[in-house]
Each structure stands twice: as structure tokens, then as C-alpha cells.
Amino acid sequence: MGRALLALGLAGIAAPAAWALPTFNEVRADYRPSDTLVLSREGEVLQRLRTDATVRRGQWVPLAEVSPALRTALVLSEDKRFYEHSGVDWRAVSAAAWGNLWNQRTRGASTLTMQLAGLLDGDWRQGAGGRSVVQKLGQTVAAQVLERRWRKDQVLEAYLNLVPFRGEIVGIDALSRTLFGKAAHGLDEREAAVAAALVRAPNARPALVAQRACGVLREMQKPVVPSCDALDLFTTAALQRRAFDGADGVAPHFARYLLRQPVAAQSVPSDAPAADAAPPRRERVTSTLSAPLQRFAVQTLHQHLRELRGRNVEDGAVVVLDNATGEVLAWVGSSGALSQAGEVDGVLAPRQPGSTLKPFLYAQAFAEQRLTAASLIEDSSAHIPTASGLYIPQNYDRQFKGWVSARTALAASLNVPAVRTLVMVSPDAFFRQLRALGLPLRESGDYFGYSLALGSAEVPLLHLANAYRALANGGRYGPVAVTPVQGGGAPRAATATPVAAPAVDPRAAFLVGDILSDGNARARTFGTDSVLATRFWTAVKTGTSKDMRDNWALGWSRRYTVGVWVGNASGAPMHDVSGTSGAAPVWAEILGWLHRAGAGVRSRPPAPPEGLVQAAVRFGPEPGGARLIESARQEWFIAGTQQSLFAIDNVAEQPMKALASGPNRPNPAASASEDGLQAPSPRILSPAPGTIVALDPDIPPNRQRLQFAATPVQSQAHAGLRWRIDGRVQGRGAQWAWLPWPGRHRVELLDGGGQVLDTISLEVRGAGLKK
């Protein structure tokens, strides 16, 4: 009688906790997988990414999507009378009590409902020493409460999703995908038997798991090998498999970036915790990415990189932005399996942008009215004095075009005119312009100097593409968005840009866009039929960094801005990859896909903003020649800067010769001419003494030769000129091209007899070049 009263008292203590158990809907709502699903704007799953390293838990699986074989195996293994009892199997309890009385080993009396009660409330869970009497009574009461409130199918569904199986694996989805590499609905009888066996002994040896699985199969009346040897081998292999990767999909880098961003205020429910509380982990996140576009961008990049593998190229990145909203429509961070550094996100990695910074430089010069699109700039050898020596820019093809208009200089990507333009603007002012466009430059303008015009700073593709988007939006800069600005759905037609700040004069932005869309203006470098010539209106700029380590193509249409980077994450140089063979084909393919006929997306030239006028211009003849500098045309001008004729009236012959020759210095040698008068001995004209040669970012290594020149020989005594560098004769003749290597060098001009006629010193900075 005393023991009965004690039991009733303990049950009374446990009853309040049992009645506090959650409902099925509450359990389902509180469930959190260890992975987060990133959805496209269309609602498709783009990426699965593990966000909880403490447990391996998949998505919640409805009972209807669980294999019938597994449901049968689990009930036979754990609770044969599951559909008959009301939470407690009293027959099993009686059998267990009778077995304990006679010290006989019997099957446990815990039902699936009682086990679920232990999973829902830690008070009922079994500890290392077993359950106490209070726990057993409480679990019994809780199971009966669950059966009154829940349906049988809900009990079984919750149990399958919450039960620990092995190690960190919790729930049937994680188990199925980890050990069997398939969804829960695809488990066959043998796999279901192994899963059911793991419920009772999650961390048992494979042989014991196989033995119990063999027993489950017999109870299911399925034919098995009597010794279960085959099942033993199968179970051992399954328990060693880890098919459930931490990430799976087509946007891994974007998913990591997205999940690092704070939860948007409008997406937080009204009953959310206080602002200082940690934000809840999100099970599904809808992004701005377009699933069809993302898949096409991945496929296009991979296909093009395979074609370039013979040129030592293995990495690339793509980003596509909606001009109106700044929404990221595609984000490809790497070439995946093609790369040895697939985890590096090429969209965010800082790289040297090469000539892709030139549009912002010319936009600033136009806005400050230092240049017009028709202004003439000399593309010739330039030795620009700096605090550390002479800066000598060169063009990509090592050739100079003479006098060209600013339109041609930008569209054809000529380096020397760009550096001359930066001299007008100043590196510090250009640095401030780039920062206003959101480019995260780490150093000041003085640090980069005039090389900033040629992209010596490092910037990420995402920021560079968004700066180009500002040009597409008339100079208005705004942030990018990775969650939908106005809800999901397909990319929308261009509307008002949200929260944008003026960063570039809209008139200058239009001029740059008009120039970069001009196929005739770029023809002097790229030809008239390059991959940059699309069938619809686009503005595009390519760039190549030092030693061909980075190749870029960035441009926009009326609706989209597309940025592409191609190179090697390791920094290794590519082999003979130009702007039109590296990133530009990918850029053209993606924009072509976006504007494909029948898609309802057209791209027309933008309308000019107020303050611009169009006027006819003509150009004078080239200095010393009869050919015109450029053909006559209609040109856009900021109002008040227009003029009808652009010509060079007075050109000083060889204007840089004095600088190239260096300061006056004593003539080390002289000889007598045939008539007895002293003839001056040859001297070094170029390079100038103290020259510092910085190997140019946009020039292939095999073209990086330094031109040596001496004054003509006026006496036979000085015939047979030779050039000696650091004690070794390297070249002959008054004109000679030297392939430089880093270091400080002493250059001597010798005559045929070995007499030193002139001497200079110079320094070469940058990577070494192979002969």
C-alpha cells in the first residue's frame, strides 16, 4: 500500500511537466536544420550551406516522404504495438517486469511515444545510469499526454526527425543523405533495417549494427543471408560514408556572403527578440539571384576556362547587377573543380584592375573641363618626373599612335594618354573620385602615384562592377543588394534607383558611356569586329594587370551591369591572354543571354542629360604630315566647351628630348675628325640617367623591352658602338632594345675599341622577365 501511494505521489509530481509538452505544430516550427537553404528570386534552391557545426541535422521530412520500408522497420524494431497502445505498451511493461523478477533478459518496454517524450523534454531522457523512478513515471505520463494531443502519424513523423542516429547525425534526412547518399523516400529494405538498428545502438560497432539489422529484416519477412555476411559488408561501408557535404549547389560563395549579412529589419517578425539579442538562424533565405542566369553564368565561365587551360588559366569570377536596384542577379566566385583554390571568392578578392579604372579618370577630367571627348592628347614616349625617379608608361602593343582624341584614347585603352590625363587631374583627386564610387583603396593617391591611371591599386570585382553600375545610372552610386528590394520574381524593368548619391557628373558619365560603346573609337586597338561589339547597345572596358596576372571585362547595358575576372587565384601569370580573349567572351555571352531575342529585354542608347550639346568637329593634319589626325564627326560636349576645330599648330620638335637626354654632363671622350676639327663623341640619348623603369601592368612580358639610343656616329673612330651593362656587353648599334631584369644597373656606351664613351645608371622594378 505504501509503495502504491509513493508511486501516485511521484506521478503527481511529474504530471505538470508532462502537461507542458509542446504541440506538434510548435515542435515543427521550432525545428532548425544544421543547414540553411539559399533560394533564388524564383524560389528555387540554389545552395545548401551548413551553418551549425555542432550537429548534422537535415531538413524536416514529412511522414509521407519517408520510405514505407523504414516506417515498417522502425515500428517492428522499436514498438510493434505502436498503432494499438495509447502511449504505453502495458503488455510490454508486464513482460519486462516479469523478466526482471526472474532475471531474464527481455526487450525494453519504452514505446516510440515515450522515447519522443524524452526527446522533447530533457527531464525524461535517460542518463548514464539509466532512468530514475521519477523519470520513468514522468515519461509514462508524458507519453499518454502526447497520445491524447497528437495523432499517431505526427508522433512517428516527429520521432523520425528528432531521433539521434550516429555521432552528430540527428534525424532521418541527415542519416539518409550521409550514409546512403539519397533522400529518405528512397531507402530500400536493407537500408531501412540498418537505420532502424542504429536507433537502438547509435554508436555500436558495424558488426553489431549489421546483426541487429539482419534481425529486423527477418521480422519484415525479407529474405536475408543466414550468416548476414553480405549485410555486414554493406553496413560497414555505409557507416564509413559521408556523402552529405557541408555545401551543395551553384552559388557557394554568394551563400556564405549572404548569410554573413544581418537579417533585414522588415523580415523580422513582430514577436522577434530585442535588437541586442543574437539574430535567429535562418532555415531558408530568399536571395536576389536569378536561378537560370546563375546556372548559365557558371556554365559559361567553366566552358571558357576549359578552353584557356593551355594558357595557364584556371580561375574566374562573374557578377551581374540590376542597374536600377543594385540587386545581385548572378555571383560566381570561382571555377570550382577547375581551380586549386576553389574556396577563394574571386568576386570579393582584391586584384589589380588594370585599365578598367580609366573610365573614371576620363569622367573626372571631363567633369572638371580639363578635357573634352575631342581634345587631343599625345600618345608618345613620356618620361614623367616623380619623387623616386622617372615614370615611363608604355602601351600594350609597345607602339605609339601620335596625337589622338580623348575619345580614341579611352576607347582604344591607350596608356600614355591616360597617364597624361592623370597628371592633369592629380593622383590625390583621382583617389578621392574612386573612393566616392565605393572602391576600397587601402592607400592614398600619393602612394600609387601616376601608375594609378593604369590600375596599380587592388579592388574587388563586386566593388568595381558596382562603380560601373554608377556610370550606367548617370553617375549615381548606390549599394548592392543581396535580398530582394521589392520582393521576389524575375528581374524587373528599370525603375528609380533606391538610395543613390551623386558620385560622377551625369554629363561626364554619359560621355564615358558613349565612348565605351563606340566601336569605331576602339578600332585602333581592338578592331571593328571584336567580341566587344554586341548587337545591342552596351558600353564595355577591358583591362589586364601586371604580368598578365588578371584579366577583366566590365560593361553595362540599359538594364544590367556585368563584371568578369579571369586569372589565377595564386597570382601566377597567364600566357598571352588579352582583354578580348580572356574575360570579354564570358562578358559577351552573359549579356547576350540576358538580351536574347524574344526575351523582351532591349537595350537602347541612353538619352543625354541636360547640359550636353552635340556639335560637328574636324581635326587638323598630323604634325609634319598631310593626313588628318582623325576624321570629322559629330561629338558630344559639356555646354560651353564645344569647338569646331582641333589641331596642333605649334609642336616643339622632340619635346621630351631634353628630359630624355638628362642633365648636362662632361663628355668623357672626343676624337679628331678628318679635317682636324674635334668631332663630338656619341652619347647616350635614352634612357635618361637615374631612370626608374616600372614594368607596366598592361604589357606582356615578351614585349617589355627598354629602348636604348645613342647620338649618331660622326667619326670612324667611334664606329661599332656597343652597350655594356654591369660589366657585360649586351647589345650593339646606336639603337638597341634591352629585355630588362630587376635591380640597379650601370650602362656604358663603348666604341669599337672598347673605350667608354658615356655612362648612366638606372633601376628596374618589378617581376623578372624570361628571355
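**Cores**

I started with the largest nonpolar core, which has 79 residues. The residues with the most contacts inside it are Phe254, Phe360, Tyr362, Phe366, Phe430, Leu452 and Leu464. I noted that helix α19 (residues 461-472) gives the most to this core, with 8 residues. A reminder to myself that this is a predicted model.

I then picked Phe360 and listed what it touches, leaving out residues up to four places away in sequence. Its contacts are Phe430, Gln433, Leu434, Leu437, Leu464, Ala467, Tyr468 and Leu471.

There is also a second, separate core, this one of 57 residues. Val75, Leu156, Leu179 and Leu231 are included in this second core.

**Helix α9 and its partners**

Next I looked at how α8 (residues 172-180) packs on α9 (residues 189-200). Their axes are 12 Å apart and the angle is about 120 degrees. I have the crossing of α8 and α9 down as right-handed. From α8, Leu175, Leu179 and Phe180 meet Glu191, Val194, Ala195 and Leu198 of α9. I sorted this contact by class and got 6 nonpolar, no polar and 1 charged residues.

I followed α9 on to α11 (residues 229-240), where the axes come within 11 Å and cross at roughly 70 degrees. I therefore logged α9 and α11 as roughly perpendicular to each other. The crossing of α9 and α11 is right-handed. On the α9 side I found Arg190, Glu191, Val194 and Leu198, meeting Leu231, Phe234, Thr235 and Leu239 in α11. The class count for α9 with α11 is 5 nonpolar, 1 polar and 2 charged residues.

The peptide bond from Ser686 to Pro687 is cis, with omega near 5 degrees. I placed Pro687 in the loop between β24 (684-686) and β25 (691-694).

Asn312 is not a glycine, yet has a positive phi, near 60 degrees. I found Asn312 in the loop between α13 (291-307) and β8 (315-322). Is Asn312 buried or partly exposed? Asn312 has 32% relative accessibility, so I put it down as partly exposed.

Ser413 also has a positive phi, near 55 degrees. I located Ser413 in the loop between α15 (406-411) and α16 (415-425). The relative accessible area of Ser413 is 13%, so I marked this residue as buried.

Methods
Residues are numbered from 1 along each chain as its sequence is written. This is a predicted model: local features need pLDDT of at least 70, side-chain atom pairs count only at pLDDT 80 or more; totals for chains, interfaces and linings use all residues. Side-chain values use heavy atoms; hydrogens and water are left out. Axes are lines fitted to C-alpha atoms, for helices over the stretch in contact, and angles run from 0 to 180 degrees between N-to-C directions. Helices (H or I, at least four residues) and strands (E, at least two) are DSSP runs, numbered from the N terminus. A crossing is left-handed if the near helix is turned anticlockwise from the far one by less than a right angle, and right-handed if clockwise. Contact means heavy atoms within 4.5 Å. Ala, Val, Leu, Ile, Met, Phe, Trp, Tyr, Cys and Pro count as nonpolar, Asp, Glu, Lys and Arg as charged, and the others, Gly among them, as polar. Angles under 35 degrees count as roughly parallel, over 145 as roughly antiparallel, 65 to 115 as roughly perpendicular and the rest as oblique. A nonpolar core is a set of buried Ala, Val, Leu, Ile, Met, Phe, Trp, Tyr and Cys residues joined through side-chain atoms within 4.5 Å. Buried means under 20% relative accessible area, exposed over 50%, partly exposed in between (1.4 Å probe, protein chains only).
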